[in-house]
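Keep the viewer open and find each residue as you read.

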Protein chains: 2
Amino acid sequence: MPAPARRHVRLNLFAHAVGHHGAAWRAPGSAVLRLGDITYWEELAQIAERGRLDAIFLADGQSIAPAGAERGPTWFLEPITVLTALARATERIGLVTTVSSTFWDPFHAARLLASLDHISHGRAGINVVTSMTDAEARNHGMAALPAHEERYATAEEFLRVLHGLWDSWPRESIRADPGGVYVDPSMLRPLEHHGDSFAVDGPLNVPTPPQGRPVLFQAGASEPGRDLAARWAEGIYAVAWDLESAHAYRTDVRARAAALGRDPDLIAVMPGLVTYVGSTEEEVRRLQADLHSRLPVEHSLRQLAFFVGQDTSGWELDAPVPPLPPLEEFTGPKGRYATVLRIIRTARPTVRELLGFLAAGGGHATVIGTPETVADEIERWVDAGAADGFNLMPPTLPGGIEDFVDQVVPVLQERGRFRREYAGSTLREHLGLPRP
Amino acid sequence: MPAPARRHVRLNLFAHAVGHHGAAWRAPGSAVLRLGDITYWEELAQIAERGRLDAIFLADGQSIAPAGAERGPTWFLEPITVLTALARATERIGLVTTVSSTFWDPFHAARLLASLDHISHGRAGINVVTSMTDAEARNHGMAALPAHEERYATAEEFLRVLHGLWDSWPRESIRADPGGVYVDPSMLRPLEHHGDSFAVDGPLNVPTPPQGRPVLFQAGASEPGRDLAARWAEGIYAVAWDLESAHAYRTDVRARAAALGRDPDLIAVMPGLVTYVGSTEEEVRRLQADLHSRLPVEHSLRQLAFFVGQDTSGWELDAPVPPLPPLEEFTGPKGRYATVLRIIRTARPTVRELLGFLAAGGGHATVIGTPETVADEIERWVDAGAADGFNLMPPTLPGGIEDFVDQVVPVLQERGRFRREYAGSTLREHLGLPRP
């Protein structure tokens, strides 16, 4: 009798610059000068597709860098254009972009995403964020970032408008009757939306995309963020330092979704996961130590200042981290701040040690070891109900995703936990999501 | 002694739906069901590149159709995503998209265009328009289209911001010094722009694109439109029914540019040109008559209503066109209205005859005949100083551009009027424009 099928793991490549480690671009031979070269991104996507990953996932921000331009590289190419190029360099892998509901006009956003979904034959996804900094606001006609509650109310309305627009010009309305009409106007569904943040009549001037709607990702950790995710998300990019916090987060979001009448199994919770992979644990530790050693301390301190909303310039590196205000009083991104508090509470690190913890991926789960060790940890989280899969955040790129695809993926496949071939052709099919 | 080199002609393919003729989509075998299929657009671009054309040019609009969804196809895929895909399916041809300064946030627009310029290695162009309809305004949070003067004031400010953003993060500032900084912040040039329409601090989060700035096209025919073109345009998509009006327009815009201290030879004036090509003139007339016969009269009347700002539903088809208000009183797009007035004054057509004139390209110059006839007419306009080249508007696609590339281009090449190979690799180089 065959063993019951074990739950498959979802895996995205979260592709950022030349890796998520703050010093990745300083390593000899890094791809840092190729960030404006689309073939670099095509190579990343092709490696991820060779590994049969669900999607390539791009973050986005609306200013040159939150903590000063002298940091490592953040943005270079705009992500929707990148993903459109990737659509033509790959065949199956999903293409997820980040879009800020605080700064995007919903008609433009719905249209670009629908177009990407057509061009990629149903592989588009959208990760809706509410943005974080005043610098971004000042690039878009605002004096400062709107308050947290207001941003989440806008995000809610933004998603309502996006869904309405994607439904507004059904494919079936296209008759293309040589003796009659091209479109049957009676089948169009204008929105006539007049809300607090947006006024959009519709219909969209792109027909309903192949997936019905691009797959909707979300990443909120605050109360309104969790509610938004519970109401709308089909995938969640979560922040969790350890299995316990991931489990608590996933349990909470699933309960909120169920309370709203949604099937929680149709939400893939995918925490960020930083992996250092090698044939021996010692080799991997050396790799990690080498990266850490390249990190200029003052830059890391500035990044930490942003994460915790404090002036860190006077902190003693080898003293314990000074006391920080409780989570409720913090007005920036809650998930990462909660992680910092959790690391401090559980590990009682010095400032220098805390910087090390945060150097790659800013407090996301980190696994270091052989391919088997990494696969074990992935299975442990999924089997414990702490994750449906992971948003992979390799410390270096393309090396880190090559290591994962060539070494960890085969182990997961061998154990029956990951696909050997794509069964479907759309991102919805990869993630087991129904067409709306 | 070799003859002096004769002026080279500039040629763009203005690719719209399945052709510019209102009945193109009704013809048997039309590509109308492939508009959402990116390979259709890739084929068009590859045909145009085979013909060594300067650029493929896409229009844009922000609502499903200005005159009702039962018209032929207008929009399907969004043009920036289309051109990004085309960047990877072609190697040399320029990629020009239309962007509305009335409805786009300049930071997003500058960023998307800069990214396209990087991805295409310097082939991006932007055609800035101020848009035309209330339906478009109502998709972007406005109750109605702003007044003409206001839209042009906004366009002026939009272009200032775009240029500032493209200059704001110079490539030379990227040091990528493993022991130091990634970017030298002292080389960044924030805008701190605070104008009537936009507030943008900058810098852009995409480095200066390969061309310095994407090539700027414009299409204004009104007084403020001509001033805007004279001040900013490097290419102009003009509307001219005949050589005389084209000559008057080009002369006027060149004079305005010279008065502003610009070199008029660095502005390529490219009127729209509808071509019907075949081996005999009789064959071509048959093709044209066949297309005209497929045109449903009531739809054409509605389109005419939009062009002239009048209710045309009661107009008698076989009576002369009723008197129309003078150009000064018309508040819609001036260029096309001026053409309608000119056709009426010179040809005194019935309503049905006027519809025929307007069926393909809405009053743009139309040439019908053998490849030699079409090449003659192109040379005649260029030699008379009425045009620097043309924005080709084939009545049907892909057939119409295939005919042009395979039949007319070789004649122009034979006569030394068109390139046989691309000499440069950027759109600026194709058009003989300096890097700013």
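This is a predicted model: local features need pLDDT of at least 70, side-chain atom pairs count only at pLDDT 80 or more; totals for chains, interfaces and linings use all residues.

1. Start with A:Arg231. Leaving out residues up to four places away in sequence, A:Arg231 touches A:Glu156, A:Leu260 and A:Arg262. You'll find A:Arg231 in helix α6 of chain A, which covers residues 223-232. Take A:Arg262 from that set of contacts: A:Arg231 and A:Arg262 are 31 residues apart along the chain, yet their C-alpha atoms are separated by 7.8 Å.

2. Now hop over to chain B and look at its strands. Strand β1 of chain B (residues 10-14) and β2(B) run parallel and are joined by three bridges. Within that pairing, B:Phe14 sits opposite B:Phe57 of β2(B). To get from β1(B) to β2(B), the chain passes through helix α1 of chain B (residues 38-50), and this β-α-β crossover is right-handed.

3. Strand β3 of chain B (residues 94-100) pairs with β2(B) in the parallel sense, over four bridges. Which residue of β3(B) is the bridge partner of B:Ala55? That is B:Gly94. Next, check where the side chains of β2(B) (residues 55-58) go: B:Ala55 and B:Phe57 point one way, B:Ile56 and B:Leu58 point the other way, and all are buried.

4. Next, the place where the two chains meet. Chain B brings 67 residues to the contact, and chain A brings 67 residues too. Between chain B and chain A, the buried area is about 5500 Å², with carbon and sulfur atoms giving 62% of it.

5. As for which parts of chain B do the touching, α1, α2 (79-89), α3 (106-119) and β6 (199-200) each supply at least two residues of the side that touches chain A.

6. Let's zoom in on two of those links across the chains. In one, the side chains of A:Asp60 and B:Arg111 meet in a salt bridge, 2.6 Å from N to O. This pair runs from the loop between β2 (55-57) and α2 (79-87) of chain A, where A:Asp60 lies, to helix α3 of chain B, where B:Arg111 lies. A:Asp60 counts as buried at 16% relative accessibility, and B:Arg111 is buried with a relative accessible area of 1%. In the other, B:Arg138 forms a salt bridge with A:Asp201, and their closest N and O atoms are 3.1 Å apart. Here B:Arg138 counts as partly exposed at 33% relative accessibility, whereas A:Asp201 is buried at 11%.

7. Salt bridges also form inside a chain. B:Glu377 forms one with B:Arg380, with the closest N and O atoms 2.9 Å apart. Both residues are in helix α12 of chain B (residues 371-383), and because they are three residues apart there, about one helical turn separates them. Each end counts as partly exposed: B:Glu377 at 22% relative accessibility and B:Arg380 at 45%. Over in chain A, salt bridges that share partners join A:Glu223, A:Arg226, A:Asp227, A:Asp252 and A:Arg256 into one network. Over all chains, a search of the whole structure finds 60 salt bridges.

8. One last stop: B:Ser245, in helix α7 of chain B (residues 243-259). Its relative accessible area is 18%, so B:Ser245 counts as buried, the cut-off being under 20%. The side chain of B:Ser245 makes a polar contact of 2.7 Å with the side chain of B:Asp242. Setting aside neighbours within four places in sequence, B:Ser245 is in contact with B:Ala240 and B:Arg342.

Note on methods: Residues are numbered from 1 along each chain as its sequence is written. Chains are lettered from A and ligands numbered from 1 in the order in which they are written. Side-chain values use heavy atoms; hydrogens and water are left out. Buried means under 20% relative accessible area, exposed over 50%, partly exposed in between (1.4 Å probe, protein chains only). Two strands pair if DSSP finds at least two bridges between them. A crossover is right-handed if, with the strands pointing away from the viewer, the path from the first strand over the helix to the second runs clockwise. Contact means heavy atoms within 4.5 Å. Buried area is the accessible area (1.4 Å probe) that two parts lose on being put together, summed over both. A salt bridge is a side-chain nitrogen of Lys or Arg within 4 Å of a carboxyl oxygen of Asp or Glu. A polar contact is a pair of N or O atoms within 3.5 Å; within protein, one must be able to donate a hydrogen and the other to accept it, and residues adjacent in sequence count only if both atoms are side-chain atoms.
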